[in-house]
Amino acid sequence: MEAENERPEKIETENKPTILIVEDSREMLQMLEEIFLPVYHVYTASNGKEGLEMTYQIHPDIVLSDVMMPEMSGKEMCFKIKNSVELSHIPVVLLTAQTSVEYTIEGYMYGADDYTTKPFNIKLLVSRCNNLVRSRKQLIERFSKKEENLIVSGTINEQDKQLIEKTIQVIQGNFDNPDFDMNFLASELGMGRSKLYVRLKEVTGLTPNEFTLKVKLDEAMNLLKSNADLTVSEISFKMGFSLARYFSKCFKSFFGVSPQSVKGSLHRV
């Protein structure tokens, strides 16, 4: 491989991210493990079947896999990861000896986030993996910021986007439903409550309760700005809050201003 003696770029973070390396060649697996150990917590698997099982077990920050392997190919493993509600957020990088454009396109069709041909430049490979991990962390940070929208076009995969959109639709359709809770939300999304917690937390950085509150308060802000005739109490009840006082407290904590002051500032314009 090229530039073997160059030190890999380190990710600036207190806690090392986790990488799962899937490779059937013991020599290649050992080399990749040595390359990534200074930067990541490294787990290894010797074929796609084992790699898929380990992905479910450890939920790595990224998967790096060879394409041609016994039991299950890297492409098949990648396809199964990207079609799993529980795993689809995890970036997958495929390694292959095939250099043709057709093979590269095929890799992306299976859902790979990146596709690297052998022989590869070590520093470039590590940088590509680092960039994918950073992008995922930045996405979570953006979702966690109160001023950001819940969907950032072009930065999440299609399954993540569908999960977020469906979750928002269910919440919006049940703003004033007294029976709405996280069990109801999980049921409407076709998954268990614990799985909903894990998936939403991984994709958005927010728990289901936090995500629901964000959707409600964002909508409340829109109503305050667009419906001058609605009182703060009426808006709070529309959003499913039993007490207007509690709604105002959440609103101020979230936006830094009270709903009354938002309404007042519009009247002053």
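**View 1. K82 is a buried lysine, at 11% relative accessibility.** Buried here means under 20% relative accessible area, exposed over 50% and partly exposed in between, with a 1.4 Å probe and protein chains only. This is a predicted model, where local features need pLDDT of at least 70, side-chain atom pairs count only at pLDDT 80 or more, and totals for chains, interfaces and linings use all residues. Residues are numbered from 1 along each chain as its sequence is written, and side-chain values use heavy atoms, with hydrogens and water left out. The side chain of K82 meets that of D113 in a salt bridge, 2.8 Å from N to O. K82 sits in helix 3 (residues 74-82) and D113 in the loop between helix 4 (101-109) and strand 5 (114-117), so the pair ties together parts 31 residues apart in sequence. D113 is partly exposed, with a relative accessible area of 33%. For the term itself, a salt bridge is a side-chain nitrogen of Lys or Arg within 4 Å of a carboxyl oxygen of Asp or Glu. Helices (H or I, at least four residues) and strands (E, at least two) are DSSP runs, numbered from the N terminus.

**View 2. R199 and D160 form a salt bridge, with their closest N and O atoms 3.2 Å apart.** R199 belongs to helix 8 (residues 193-204) and D160 to helix 6 (residues 158-172), so this pair links parts 39 residues apart in sequence. Both R199 and D160 are buried.

View 3. K214 is buried at 2% relative accessible area, while D218 is partly exposed at 21%. Across the whole structure, the search turns up four salt bridges.

**View 4. Strand 4 (residues 92-96) has five of its five residues buried.** V92, L94 and T96 cover one side, V93 and L95 the other, and all are buried. Strands count as paired if DSSP finds at least two bridges between them. Strand 3 (residues 62-66) runs parallel to strand 4 over four bridges, and L64 has V93 as its bridge partner. Four bridges also join strand 4 to strand 5, again in parallel; here V93 partners D114.

**View 5. K216 lies over the face of F241, 5.8 Å from the ring centre.** The rule wants NZ of Lys or CZ of Arg within 6 Å of the ring centre and within 35 degrees of the ring normal.
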